[in-house]
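User: I would like to learn how to read a structure feature by feature. Can we take one and go step by step?

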Amino acid sequence: MDVLHQWPWLALGIGLVGVALLLRPRPSGSPPRWEDPRWILAAGLPIYMLHQFEEHGVDLLGRAYAFQASFCATLGHADVATCPADPSFMMAVNVGAVWIAFASGMIVGPRRAMVGATALGIPLVSAFMHVVPAIVTRSYNPGVATAALLLAPLAFLGLRGLLRTGHLDRARVAAVVAFGLVVHGALIGSVTAYTRGLLSHGGLLAIQLALGFLPLAIGLALGDARRRP
């Protein structure tokens with residue numbers, strides 16, 4: 001098994017450890033977890049990693065790497081072997097775009113909370129794209145369980161908490177949603193461009209990595225909303 005298929009297991013390990021640390025008893029006088037910007041910004045990456053394992057590790061039906069086949073079928077490629085969304089693309093999206101986006105928010109911290117808040121656009125839109133098809137088709141898709149149980153609450157409670165602490169306002173929440181849509185649109189668009197010969201494979205992977213730095217750029221450009229006195 002090569003590194004292109006091993007990373008979901010790394011995500012599972014880091015995610016479980018991260019969630020365990022997040023659930024440790026908090027010091028007396030600490031704000032509620034979902035109203036503590038530092039806790040919210042730390043929660044995104046490990047929670048999303050657990051979702052990634054259901055998608056790209058082993059899903060609830062016991063299938064390994066099931067999301068790639070599902071995604072390729074959506075693109076119109078029944079044969080995974082000839083699908084443009086190959087394992088290197090999947091790794092670039094998840095280890096590149098997603099991990100970089102959430103790690104940026106953790107590193108910059110609550111003093112620039114809009115960076116981490118922008119990254120919440122990824123689970124927000126991802127949850128929608130998993131849950132809605134599952135409801136419409138009344139069938140399971142790889143990642144839908146963790147999307148419903150983890151990603152949707154992460155996005156909703158995280159954004160609500162940052163609103164309550166004054167780090168966000170409605171305009172910035174709209175920017176978060178827009179970012180989530182842009183990321184998923186760019187993902188599909190870049191694969192389509194590669195399929196049509198308009199983009200090299202290296203360019204395809206580079207775009208996914210670049211998307212990971214967008215929350216940092218957007219968050220620093222917009223800044224946080226004025227904090228409540």
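User: Is Arg-33 buried, exposed or partly exposed?

Analyst: First, the ground rules. This is a predicted model: local features need pLDDT of at least 70, side-chain atom pairs count only at pLDDT 80 or more, and totals for chains, interfaces and linings use all residues. Residues are numbered from 1 along each chain as its sequence is written, and side-chain values use heavy atoms, with hydrogens and water left out. Now the classes: buried is under 20% relative accessible area, exposed is over 50%, and partly exposed is in between (1.4 Å probe, protein chains only). Arg-33 has 26% relative accessibility, so it is partly exposed.

User: Where does Arg-33 lie?

Analyst: Helices are DSSP runs of H or I with at least four residues, strands are E runs of at least two, and both are numbered from the N terminus. Arg-33 lies in the loop between α1 (3–22) and α2 (37–56).

User: Which backbone oxygens does the side chain of Arg-33 reach?

Analyst: A polar contact pairs N or O atoms within 3.5 Å; within protein, one must be able to donate a hydrogen and the other to accept it, and residues adjacent in sequence count only if both atoms are side-chain atoms. The Arg-33 side chain reaches the backbone oxygen of Leu-22 at 3.1 Å. A polar atom of that side chain lies 2.7 Å from the backbone oxygen of Arg-24.

User: Which residues is Arg-33 in contact with, leaving aside neighbours within four places in sequence?

Analyst: Contact means heavy atoms within 4.5 Å. On that basis Arg-33 is in contact with Leu-22, Leu-23, Arg-24, Pro-25, Arg-26, Trp-39 and Ile-40.

User: Let us turn to Gln-208. Is Gln-208 buried or exposed?

Analyst: Gln-208 has a relative accessible area of 1%, so it is buried. Its place is in helix α9 (residues 201–211). Not counting residues up to four places away in sequence, Gln-208 touches Phe-89, Ala-92, Val-93, Ala-97, Leu-187 and Ser-190.

User: How many helices and strands does the chain have?

Analyst: The chain has 10 helices and zero strands. Buried residues make up 46% of its 229 residues. Take contacts between residues at least 6 apart in sequence: 75% join residues at least 24 apart.

User: What does the radius of gyration say about the chain?

Analyst: The radius is taken over C-alpha atoms, and the globule rule is 2.2 Å times the number of residues to the power 0.38. For 229 residues a compact globule would come near 17 Å; the chain has 18 Å, which agrees. Its C-alpha trace spans about 55 × 35 × 35 Å along the principal axes.
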